[in-house]
Amino acid sequence: MNPSATVAAPGTAYPSDTVDTLDFRQLPVDPDEGLPQAFTCPIGDTAYDFGLYANLETGDDDPPGTLYDLAAPARISVPVPPPGYLVLRVVRLGPEGPRVEFLCKLVAEPPLVHRTARLAIRLLEAKVARGNLNGRGHYGSSIVIGVAQRWA
């Protein structure tokens, strides 16, 4: 996965002009590494530690290839909650020491932007396979998170 690749939200309109001017980059989340996972990634000239885990209600007997889509279903008459959610922790590494910038449940809804003091974060896709919960392997999980500096 290329962390410098620009993230595009398919067919969505952003809620404000401010979001349109941000340069979102895809975080190097590797779903085949399983959840939880952690990695360090530079955003601009600052390094950040990212930690990601899933909180899901799954069937005990679900096979490893069972995919749970954490996106909110759209255009349905009766809302159905997703089976769980992802939580992202972002720690800014700086000369004064590590500082938690963000610790929040993410919502898989491309137009929704989560904001920290310095970053904008979007969860564009969150499909988690049962086999990737506390386990590595290719089961078809797909997690796409975009991040941008709120100012350069």
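Q: What do the words buried, exposed and partly exposed stand for?
A: Buried means under 20% relative accessible area and exposed means over 50%, with partly exposed in between. The model to which these terms are applied here is predicted.

Q: Why is D23 called partly exposed?
A: The relative accessibility of D23 is 43%.

Q: What makes D23 and R25 a salt bridge?
A: The rule asks for a side-chain nitrogen of Lys or Arg within 4 Å of a carboxyl oxygen of Asp or Glu. The closest N and O atoms of D23 and R25 are 2.7 Å apart, and therefore the pair meets the rule. R25 is itself partly exposed, at 30%.

Q: How many salt bridges does this rule give?
A: The count comes to 6. One of them joins R136 and E33, with 2.5 Å between the closest N and O atoms. Because R136 lies in the loop between β8 and β9 and E33 in the loop between β1 and β2, this pair ties together parts that are 103 residues apart in sequence.

Q: What makes strand β9 mostly covered?
A: Of the 8 residues in β9 (residues 142-149), 6 are buried. β9 pairs in the antiparallel sense with β8 over 8 bridges and with β1 over 2 bridges.

Note on methods:
Residues are numbered from 1 along each chain as its sequence is written. This is a predicted model: local features need pLDDT of at least 70, side-chain atom pairs count only at pLDDT 80 or more; totals for chains, interfaces and linings use all residues. Side-chain values use heavy atoms; hydrogens and water are left out. Buried means under 20% relative accessible area, exposed over 50%, partly exposed in between (1.4 Å probe, protein chains only). Helices (H or I, at least four residues) and strands (E, at least two) are DSSP runs, numbered from the N terminus. Two strands pair if DSSP finds at least two bridges between them.
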